[in-house]
Amino acid sequence: MDFEKPIKDLIDEIEKLRHAQENKKINYADKIAELENLIVERRREVTQNLSSWQKVQLSRHPDRPYTLKYIEKMTTNFVELYGDRNVRDDKAMVGGFALLEGQTVMFIGQQKGINTKTRQLRNFGMANPEGYRKALRLMKLAEKFNKPIVTLIDTPGAYPGLEAEERGQGEAIARNIYEMIRLKVPVICVIIGEGASGGALGIGVGDRVYMMENTWYTVISPESCSSILWRSWDKKEVAAEQLKLTAEHMKSFGLVDDIIPEPAGGAHWDYDEAAQILKQHLVKVLAELKDVPVEERINSRIEKFGKMGFWEEGGNNEQTKEEQMNEEVKVQTGE
């Protein structure tokens with residue numbers, strides 16, 4: 001990333017010193033240690049005043065940990081489950097049971113690829129309808145065995161292809177939202193990267209919804225918003241600001257419950273630390289939700305999502321139509 005260039009320069013300088021140390025047999029250990037400390041400081045400074053667009057870029061960092069990496073670092077005995085029992089197994093959506101601090105938890109999330117081949121295999125984290133139906137099947141399985149659910153959201157959106165629409169993309173996402181709000185087990189949702197549109201909402205309804213520090217969550221990507229409003233992607237930075245999509249914005253709107261911090265500079269700098277921070281948060285919240293009665297938990301979930309958003313109630317509809325008609329007559333007659 002452009003804003004990470006000062007860090008890259010320091011890393012390059014360290015590599016040169018290590019190379020010189022090996023070839024010339026000169027001890028640069030003190031200088032290298034000094035530069036390493038400076039890198040940590042620069043990492044912290046870089047993420048302090050990022051713009052909305054820069055946070056979008058950071059959430060898409062190619063080295064950022066994805067769902068399977070978090071599961072690997074946080075849990076043990078992960079057993080991945082496959083297929084929607086209807087069409088096929090969607091590689092963009094992954095899930096299965098795992099042990100989190102000795103407790104069995106169902107983990108579900110979107111998975112992006114780590115190289116060109118796996119990105120194509122995973123469809124860049126954009127799930128088809130069978131991916132959402134697979135996720136719902138796993139949620140119902142967790143409910144059957146009374147196990148809590150954790151969803152890890154990281155998608156630029158649900159797959160918008162013709163074949164996805166033919167197989168009921170909208171219905172699959174709507175069904176998930178409807179079913180998730182009534183699940184009898186605790187549900188925690190965490191946005192670990194991109195959280196775009198219905199693709200995120202399809203596994204994004206829970207008792208608690210959190211965002212990692214350098215992530216975004218909104219109805220449309222900045223690029224798509226820019227192309228609709230300005231017929232060009234050139235205004236994506238402006239669109240990112242106007243969409244108010246960062247974790248800080250979402251928390252201020254009451255759309256997420258809290259922000260989970262990341263290692264200095266972002267989660268891509270330290271997978272282990274990022275996973276441990278998330279793990280500690282999940283363990284704490286699961287313990288809190290465990291003691292809440294089922295009916296109370298479901299009612300709280302319904303109330304939580306039911307009161308989201310802002311609206312104004314209008315007056316009498318017939319009166320409003322009549323007033324509009326009178327205005328149109330005045331315009332036509334020149335009054």
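**Pocket, strands and cysteines in a predicted model**

The largest share of the lining of the largest pocket comes from helix 9, which gives 3 residues. The model is predicted.

Colleague: How much space lies in the largest pocket?
Modeller: Rolling a probe the size of a water molecule over the atoms shows where empty space is left. For the largest pocket, that space comes to about 350 Å³.

Colleague: Which residues lining the largest pocket are the closest to its centre?
Modeller: The lining holds 18 residues. Helix 9 (197-201), strand 7 (216-218) and helix 12 (247-253) each give two or more of them. Closest to the centre are Leu201, Tyr217, Val219, Leu255 and Met308.

Colleague: How many residues in the lining of the largest pocket are charged?
Modeller: Sort the lining by class. There are 13 nonpolar residues and 4 polar ones. The charged count is 1.

Colleague: Is His281 buried or exposed?
Modeller: His281 is found in helix 13, residues 271-290. Its relative accessible area is 19%. The cut-off for buried is under 20%. His281 therefore counts as buried.

Colleague: In which sense do strand 2 and strand 3 pair?
Modeller: Strand 2 spans residues 93-100, and strand 3 spans residues 103-110. They form a hairpin with 2 residues between them. In the turn, Glu101 has a positive phi of about 55°.

Colleague: Which residue stands opposite Met106 in strand 4?
Modeller: Strand 3 is joined to strand 4 (residues 149-155) by 4 bridges, and these two run parallel. Met106 of strand 3 is also the bridge partner of Phe97. In strand 4, the residue opposite Met106 is Ile149.

Colleague: How many disulfides does a search of the whole structure find?
Modeller: A disulfide is a covalent bond between the sulfur atoms of two cysteines. Cys189 is buried, at 0% relative accessibility. Cys225 is buried too, at 11%. The search of the whole structure gives a disulfide count of 0.

Methods: Residues are numbered from 1 along each chain as its sequence is written. This is a predicted model: local features need pLDDT of at least 70, side-chain atom pairs count only at pLDDT 80 or more; totals for chains, interfaces and linings use all residues. Side-chain values use heavy atoms; hydrogens and water are left out. Buried means under 20% relative accessible area, exposed over 50%, partly exposed in between (1.4 Å probe, protein chains only). On a 1 Å grid over the protein atoms alone, a cavity is a set of points where a 1.4 Å probe fits but cannot get out, and a pocket is an open set with protein on both sides within 12 Å along at least five of seven lines; lining residues have an atom within 4 Å of a point. Grid points are joined across faces, edges and corners, and a volume is the space filled by probe spheres set on the points. Ala, Val, Leu, Ile, Met, Phe, Trp, Tyr, Cys and Pro count as nonpolar, Asp, Glu, Lys and Arg as charged, and the others, Gly among them, as polar. Two strands pair if DSSP finds at least two bridges between them. A disulfide is a pair of cysteine sulfur atoms within 2.5 Å.
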